[in-house]
Amino acid sequence: MAYEFEDIRISQEIFYFLLEHHELREEDETMLFKAYAEQEEVQDLVKSQGEAAQSTVERYGNVIYLIPKEENHFLGFSKAQLKAVLCRSNSTDKDYYLSQFVILTLLVEFFDGQGSSSKAREYMRVGELQNCISQRLKEGAEHISEEEEERAGIAFSNMLEAYEALKSDEKGSRARTTKEGFLHHILSFLQKQGLIEYVEQDEMIKTTKKLDNFMDWNLLNQNNYKRVLWVLGVLKEG
């Protein structure tokens with residue numbers, strides 16, 4: 001297909017904006033948004049540029065997002081980078097997988113995958129999240145066999161060991177060697193990515209519209225959601 005020069009120019013402008021800001025909102029850039037939403041040729045060109053950059057370009061409502069693919073360490077994060085940001089120094093893979101389990105638990109507590117919107121609640125206290133993590137790790141280590149852990153790709157016993165190795169500090173320590181500090185750095189990271197609002201003084205967690213849209217439109221099809229629930233021990237396999 002031959003594209004008009006103006007379509008190519010506008011698509012490049014949209015893609016550069018996405019590279020710089022990771023999202024394009026209709027209220028901020030009305031002309032660029034309308035070009036993407038209403039002109040199939042422009043949309044095709046932008047998506048093609050996203051593919052070339054190992055990313056997908058998706059429109060959810062009145063926002064267009066640039067979403068790096070899993071192995072895209074240039075626009076996204078590598079395992080090593082995430083481990084350095086989220087975990088204590090000299091951390092092991094157990095610590096890294098524990099950090100991912102914390103994020104997974106947070107998502108399941110906020111989103112139930114049912115109805116027109118998957119969101120199940122408006123806020124959550126940090127202490128409640130901490131209790132959920134502890135409970136799910138203990139239940140998983142007690143009730144899921146090594147064979148089931150291997151099939152699910154998640155080792156509860158190893159993560160529980162890493163979690164219990166963290167100290168408890170009721171004074172709200174920010175050190176990564178404490179449970180409170182470990183959660184604090186994970187929540188701060190998610191806030192920097194525009195996925196949650198983390199109100200430290202109130203120990204309150206809220207999700208952003210960006211995360212709500214992403215969960216509703218992308219992640220929570222029923223097959224994915226049921227597997228997540230099974231991994232966390234909420235749903236029995238069958």
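I began with Glu 58, which stands opposite Tyr 65 in strand 3. The model is a predicted one, and I kept that in mind for the entries below.

I then looked up which strands are involved. Strand 2 covers residues 55-60 and pairs with strand 3 in the antiparallel sense, over 6 bridges. I checked the hairpin that these two strands make: 2 residues lie between the strands, and Gly 61 has a positive phi near 65°.

Next I asked what else pairs with strand 3. For Leu 24 I noted Ile 64 as the bridge partner in strand 3.

How many residues of strand 3 are buried? I found 5 of the 6 in the run 63-68, so I put the strand down as mostly covered, buried being under 20% relative accessible area.

I moved on to the sheet of strands 4, 5 and 6. This sheet is open, has 3 strands in the order 4-6-5, and its pairing is antiparallel. I recorded strand 4 (124-125) and strand 5 (196-199) as the edge strands, each pairing on one side only.

I looked at the pairing of strand 4 with strand 6 (residues 204-207) and found 2 bridges, in the antiparallel sense. Met 124 has Ile 205 of strand 6 as its bridge partner.

Last, I looked up which helix lies across these strands. Helix 5, residues 93-110, lies across strand 4, strand 5 and strand 6. I noted an angle of about 70° between helix 5 and strand 6.

Note on methods. Residues numbered from 1 in each chain as written. Predicted model: local features only at pLDDT ≥ 70, side-chain atom pairs only at ≥ 80, totals over all residues. Heavy atoms only, no water. Pairing = 2+ DSSP bridges. Helix = DSSP H or I, 4+ residues; strand = E, 2+ residues; numbered from the N terminus. Contact = heavy atoms within 4.5 Å. Axes fitted to C-alpha atoms, helices over the stretch in contact; angles between N-to-C directions. Buried < 20%, exposed > 50% of the residue type's maximum accessible area, 1.4 Å probe, protein only.
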